[in-house]
Amino acid sequence: FMSNESQTTPVQWFRNEALPWGTHLSMHDHPPLYFYSTHIFSAIFGDSLFALRLPSALAGIASIYLIYLILRRLTRDEYVGVLAAALLAVNNMHIWISRSILMEALLILLLFAAIYAFILFLEDKKYWFWLGIAMGLVALTKYTGAFIVPAFAIYAAVFRRDIFRTRHLYAAAGLVLLIFSPAIIYNTYLYANIGHFDLQLSYLFGQATPEWQASFG
């Protein structure tokens, strides 16, 4: 954690006692997945900028391959898939995000994975499991990834209303909630013990947060 009196964390709130169990499940400002990934890479490669940046670099490379798969599947054209991958590979914003210690690199990768899983799910309901995993990991990375849910819903409502009548869709939704449950439990714990949700959700719902007088970035 980064000690700052304008945006304190549970580590500071419970400074003289053991951290309550609920505070280990997520982070005070975002869901936990990206932070866990950097923790794992730091444990393997040591405390260094290389270790912190490596997850983003790998996610950026994997995103290039995934957009190739998405476009090839949508168009049934190998050339279109290769072109999409080539364009993303030289996109300056994608390169910058992939070189930075930002959760957007992992978020983009998982959003691409969710899109690809959604395409497969529309073709065959047996892919509900992978759709649920991808969407759950998106939610566990950053809340803003939720925009993909209405995008999928609108597409299905216009072109594939039949999937709303299949149990596989709701099984996938249940899997999303299960994977996202650490953040749900964390926020429930915060609300019960501190009186508000984490930084992002408390701002969204207009909750009073005397512990956070500033939101950096």
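Author: Let us start with E123, which forms a salt bridge with R73; a salt bridge is a side-chain nitrogen of Lys or Arg within 4 Å of a carboxyl oxygen of Asp or Glu. E123 lies in helix α6 and R73 in helix α3 (residues 49-75), 50 residues apart, and the pair links distant parts of the chain. Helices are DSSP runs (H or I, at least four residues), numbered from the N terminus. This is a predicted model, in which local features need pLDDT of at least 70, side-chain atom pairs count only at pLDDT 80 or more, and totals for chains, interfaces and linings use all residues. Residues are numbered from 1 along each chain as its sequence is written, and side-chain values use heavy atoms, with hydrogens and water left out.

Reader: How far apart are the closest N and O atoms of E123 and R73?

Author: E123 and R73 form a salt bridge. The separation of their closest N and O atoms is 2.8 Å.

Reader: Is E123 buried, partly exposed or exposed?

Author: Buried means under 20% relative accessible area, exposed over 50%, and partly exposed in between (1.4 Å probe, protein chains only). E123 has 39% relative accessibility, so this residue counts as partly exposed.

Reader: Which residue in the loop between α3 and α4 pairs with E123?

Author: The pair ties together parts that are 47 residues apart in sequence, because one partner lies in that loop and E123 in helix α6. The closest N and O atoms of this salt bridge are 3.1 Å apart.

Reader: Which helix gives the most to the lining of the second largest pocket?

Author: On a 1 Å grid over the protein atoms alone, a pocket is an open set of points where a 1.4 Å probe fits, with protein on both sides within 12 Å along at least five of seven lines; lining residues have an atom within 4 Å of a point. The second largest pocket is lined by 24 residues, and α6 (104-123), α7 (128-141), α8 (148-159) and α9 (167-193) each supply at least two residues. With seven residues, the helix that gives the most is α9.
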